[in-house]
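Please look over the sequence and the model before reading on.

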Amino acid sequence: MLSKLVAEMGSNLVLYTIIEATPNGVLVVGRDQSILYANPAACRFTGVSPDQFQDSRLPSLLPLEDDPKLMLDLVRFVSTRNAPAQFRREIRLRNQSNGTTHAMEFVAIAPAEGHDYYSTILIDIDRRQQLERELRRSNAFFRNLIDSSVDGIIASDMKGNIILFNQGAQALLGYSEVEAIGSLHVTRLYPEGDAYEIIQRMRSDDYGGKGRLLRHELLAITKDGHQIPMSFSGGIIYEKSKEIATFGIFTDLRGIQKIEKDLERTYQMLQQSEKMAGLGRLSAGVAHEINNPMSGIMLYANLVKEELGEEHPLTSDMETIIHEAERCKVIVTDLLEFSHQTSYEMANVDLNEILLKTLALLEKQPLFHNIRIELDLASDLAKICGNAARLNQVFMNIIVNAAQAMEGKGRLFLQSRHRSQGDIVEVLIQDDGPGISEQDLPLVFDPFFTTKAHGEGTGLGLSVSYAIVKEHKGSIHLSSKRGEGAIFSLKFTVTEQCKAGGSE
């Protein structure tokens, strides 16, 4: 049989040369599992010389004796007619010369009809397995890197089917990875038409270069239908100039936008404080200049009135002069309050008590008869350092303004609570009146600004309230939209010990 095989191979010199030169091991095996031929690569893999092969059998050469099932499957393959063309298994082959082992792919080729032998091929897969392990490690590393990102990272094929949906995207948008990959179309993550616009911009040269889109602000739609402002950077993945996928990195802008709003509000409050301080100095000077002449006007007007008597036709005119002069005195008093030109004592006060006393004074007034007052006051509210009378004036100004805005009918909600882990006490006063227009909102704390009809208010109530709150080291903020009522938020710092003395 061996001489016949050598003769057949020798008759085809080209085939013989190829087999001798191939890097894969080639063995020709008889049906009795004896080795009939081994090429140089097979000798190198097994550590057996060509002469030794003549006395070797396949089960002893390969680890087939240690794997009975593998040997049985091979025998069935060789002896069964109409068998598949190939029989493949991965094995560990021990080199009998140096004792090293290598991962091999063992391939048996079905014997041709009329032949008493079959051929096998040994393919060294050590390097391939090493590359596969390195690839798996690299994939695992990059997968962990992608999943550890707080940003959402999403990739889709050119048909819009999502193929990557990291944990950041899951947290932002509410879909699980199973829900997203294979069943969620990428267009559902954007408002209608936005996905098409994004891909068009990626293909343009005007937004970071062809195939790229950098720092583009957009809205993303969550699983429950909410829209989230996002900063988007992404691009198109090419393979030989062909578009095969797109990817995007989504950064949640809600936190950044909140910080920007807080900074803008703080800036506006600083501007307001500077403006109020300047107006306070001006108001103090004006009040002092007006106060003395006004006192003289009222004194002499009363003297003239007494001299004229009740029946004199000019007496009613003198009463008008006295009434208007008294109004001026009230304005002067407000100006002095606004400009801190009064003194008062500071003590530990309970804002709940001040609110309740304020309401007790106002509830019996006709203006409040058809107003439903709701309270949600914290039972353990911490005390602050303040002046009860001054804070009563603040609450009264705001509550009366709310009642007037609601025209004596509606709902007034008052709440007290702790903020910032108990370091801050907040009082909320909310009405369901007509609200404040957007253009008027920045002006409500300005002196002499009022939305009331001419002659119905001086425009100093909220200005004085603002100044009093600032004297108490607190903050006052109004949020409102036209037609949606108004909410005043007053915040004060909690103090364990109030310093004795007064404030000028």
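Asp 73 is buried, because its relative accessibility of 17% falls under the 20% limit for that class. The model in which this residue is seen is a predicted one. Asp 73 forms a salt bridge with Arg 89, and the closest N and O atoms of the two are 3.4 Å apart. Arg 89, for its part, is partly exposed, with a relative accessible area of 33%.

Side chains of opposite charge can pair when their charged atoms come close. Across the whole structure, a search finds 14 salt bridges.

| Salt bridge | Closest N and O atoms |
|---|---|
| Asp 73 and Arg 89 | 3.4 Å |
| Arg 254 and Asp 252 | 2.7 Å |
| Arg 411 and Glu 374 | 3.0 Å |

Arg 254 is partly exposed, with a relative accessible area of 42%, and Asp 252 counts as partly exposed at 23%.

Aromatic contacts form a second topic. A pair of aromatic rings is described by the distance of the centres and the angle of the planes. The structure holds three aromatic pairs. One of them is formed by Phe 77 and Phe 87, which are tilted, with 5.6 Å from centre to centre and 35 degrees between the planes. Phe 77 lies in helix H6 (residues 68-79) and Phe 87 in strand S3 (residues 86-94), so this pair ties together parts that are 10 residues apart in sequence. Phe 77 is buried, with a relative accessible area of 6%, and Phe 87 counts as buried at 6% relative accessibility.

Tyr 190 and Phe 250 form a further pair: the ring centres are 6.3 Å apart and the planes stand at 35 degrees, so the arrangement is tilted. Tyr 190 lies in the loop between helix H9 (177-180) and helix H10 (194-203), while Phe 250 lies in strand S10 (residues 242-252), so the contact ties together parts that are 60 residues apart in sequence. Both Tyr 190 and Phe 250 are buried. Together with Phe 232, these two residues, Tyr 190 and Phe 250, make up one aromatic cluster.

A charge also meets a ring elsewhere in the chain: Arg 44 lies over the face of Phe 45, at 5.3 Å from the ring centre.

The surface is the last topic. Ile 237, Ile 244, Phe 247 and Ile 249 form a nonpolar patch there, with about 280 Å² of accessible area together. Strand S10 gives the most to this patch, with three residues. Ile 237 is placed in strand S9 (residues 227-239), and this residue counts as partly exposed, at 35% relative accessibility.

Key: Residues are numbered from 1 along each chain as its sequence is written. This is a predicted model: local features need pLDDT of at least 70, side-chain atom pairs count only at pLDDT 80 or more; totals for chains, interfaces and linings use all residues. Side-chain values use heavy atoms; hydrogens and water are left out. Rings of Phe, Tyr and Trp (its six-membered ring) pair if their centres lie within 6.5 Å; planes under 30 degrees apart count as stacked, over 60 as edge-to-face and the rest as tilted. Helices (H or I, at least four residues) and strands (E, at least two) are DSSP runs, numbered from the N terminus. Buried means under 20% relative accessible area, exposed over 50%, partly exposed in between (1.4 Å probe, protein chains only). A charge sits over a ring if NZ of Lys or CZ of Arg is within 6 Å of the ring centre and within 35 degrees of the ring normal. A salt bridge is a side-chain nitrogen of Lys or Arg within 4 Å of a carboxyl oxygen of Asp or Glu. Patches are made of residues with over 30% relative accessible area and no salt bridge: like charges are joined within 9 Å, nonpolar side chains (Val, Leu, Ile, Met, Phe, Trp, Tyr) within 5 Å. Accessible areas come from the Shrake-Rupley method with a 1.4 Å probe; for residues, only the protein chains shown count as cover.
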